[in-house]
Amino acid sequence: MIEREDLLRTIREYHEQQASRPFVPGTTEIQVSGACLDADDKAALAGAAVDMRIAAGALAHSFETSFARKIGTRKARLTNSGSSANLLAMTALTAPELGDARLRPGDEVISAAAAFPTTVNPILQNGLTPVFVDIDERTYNPTPELVEAAIGPRTRAVVLAHTLGNPFPVAEVAELCRDRGMFLVEDNCDAVGSRYGSRLTGTFGDLSTVSFYPAHHMTMGEGGCVLTDSLVLARVVKSLRDWGRDCWCAPGESDKCGRRFDFKVGGLPHGYDHKYIYSHIGYNLKATDLQASLGLSQLARLDDFCATRRHNWSRLREGLDGIDHLRLPEPTPGSDPSWFGFAMTVTPGAPFRRVDVVNFLESRRIATRVLFAGNVLRHPAYSGIHCRVPGSLAVSDHVADNTFWVGVYPGITDEMVDYLVAAVREFVAGHGRPS
């Protein structure tokens, strides 16, 4: 009979036998992102599969507890994606449990025009009005001054992402929100492990969100998380994630409170089964124990992943320092980013376009990406939406036309970074100054 541990040992041995291929400049692709998986990850996922942990259960709960402790929040709610986490976070702010503070249709939410769409979409999906602000050209983030200038009579919340892992001035924005009685949601999907001052990002807002897609700092394949210090918001998020149920028992549990058939809620008869009472119009956005098993294994290496990202970014920044025609990124003052990517912007008057340098790098198997939506309002999906733009979006437009980024994820080696630096310098050197 094959024992479980024998099977997992064989899986680890199989992983070790898979020889990594050497880097061949110009042949091996330098990806912008990717999952870094080891033998323990494979064994963890296989172990959950062997045990048929195919729904949300004990491993998902264990991950929530461990991840909340790692980030430094009271509660974490595991979801099936970072985009779902953003939807749950914004929807939770409309819940009746918040009383007069709840967001209502037509209330305004400030966000950046240079954003990933699913940071913005939940504002629209909840009948709220987005207010779009511009970004700083050095950090690719809005400033507190831009946020404050955008506040109007109906502005009730701010939702911002830490762009490419670089924190926006989140302490100042959080203080502004507290002073004005507004909610703050941190989209921390690109910035797990980043610090602003002495604190990790994801701990300043009323809610924060994380993605565990393979591109991000750690992965479950698919997955995400909502974090909060508010027990009220944590319970609302859990209900919204779990079909809108009023009951706090896990799907496989029954009568943990001893009152399953002793509730009187809404217009239902006394004693109606609490497992089937619904207090919110919710979804099913849960993740599975299969995903959580991989997440727990990856979490053990999160600090190493973040350190490698910082190392790769610093090596790129040093290697490209002083280059002509490209503006290099800068960390937000007072921050220690756990970088997601390395952005470069073609400067005005340069003798080449973004498409030129991007095509050159791609031809040398160096993958590139644009800065997400650039300016989300220039995309077909957002033409005609009800929104407010209180100022210029000139920097967002410039980014949409001229910015790209390359990877710093842990799968990139020093040899790859040096090849990338040499390729960028070769391209710029081959283009003379404009006439």
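Predicted model: local features only at pLDDT ≥ 70, side-chain atom pairs only at ≥ 80, totals over all residues.
**Cavities.** The structure contains two cavities of 30 Å³ or more. Begin with the largest cavity, whose volume is about 60 Å³. To display its lining, select Arg-138, Thr-139, Tyr-140, Thr-163, Leu-164, Asn-166, Pro-329, Glu-330, Trp-339, Gly-341, Phe-342 and Ala-343. By class, six of these lining residues are nonpolar, four polar and two charged.

Proceed to the second largest cavity, which holds about 50 Å³ of space. Its lining includes Cys-36, His-216, His-217, Met-218, Phe-305 and Arg-309.

**Aromatic pairs.** The count of aromatic pairs is 13. Select Phe-23 and Tyr-419, an edge-to-face pair with 5.8 Å between centres and 65° between planes. Phe-23 belongs to the loop between helix H1 (4-17) and helix H2 (39-50), whereas Tyr-419 belongs to helix H13 (residues 414-429), so the pair links parts of the chain 396 residues apart. Both Phe-23 and Tyr-419 are buried.

Next, select Phe-63 and Phe-67; their ring centres are 5.3 Å apart and their planes lie at 15°, so this pair is stacked. Both residues lie in helix H3 (residues 58-71), four residues apart, about one turn of the helix. Phe-63 is buried at a relative accessible area of 0%, and Phe-67 is buried at 0% relative accessibility.

Then display Phe-116, Phe-340, Phe-372 and Trp-405, which ring pairs link into a cluster.

**Charges over rings.** Finally, select Arg-199, which lies over the face of Phe-204 at 4.0 Å from the ring centre. Arg-364 lies over the face of Phe-360, at 3.8 Å from the ring centre.

Key. Residues numbered from 1 in each chain as written. Heavy atoms only, no water. 1 Å grid on protein atoms, 1.4 Å probe; cavity = no way out; pocket = protein on both sides within 12 Å on 5 of 7 lines; lining within 4 Å. Points joined across faces, edges and corners; volume = space filled by probe spheres on them. Nonpolar A, V, L, I, M, F, W, Y, C, P; charged D, E, K, R; others polar. Phe/Tyr/Trp six-rings, centres within 6.5 Å; stacked < 30°, edge-to-face > 60°. Helix = DSSP H or I, 4+ residues; strand = E, 2+ residues; numbered from the N terminus. Buried < 20%, exposed > 50% of the residue type's maximum accessible area, 1.4 Å probe, protein only. Lys NZ or Arg CZ within 6 Å of the ring centre and 35° of its normal.
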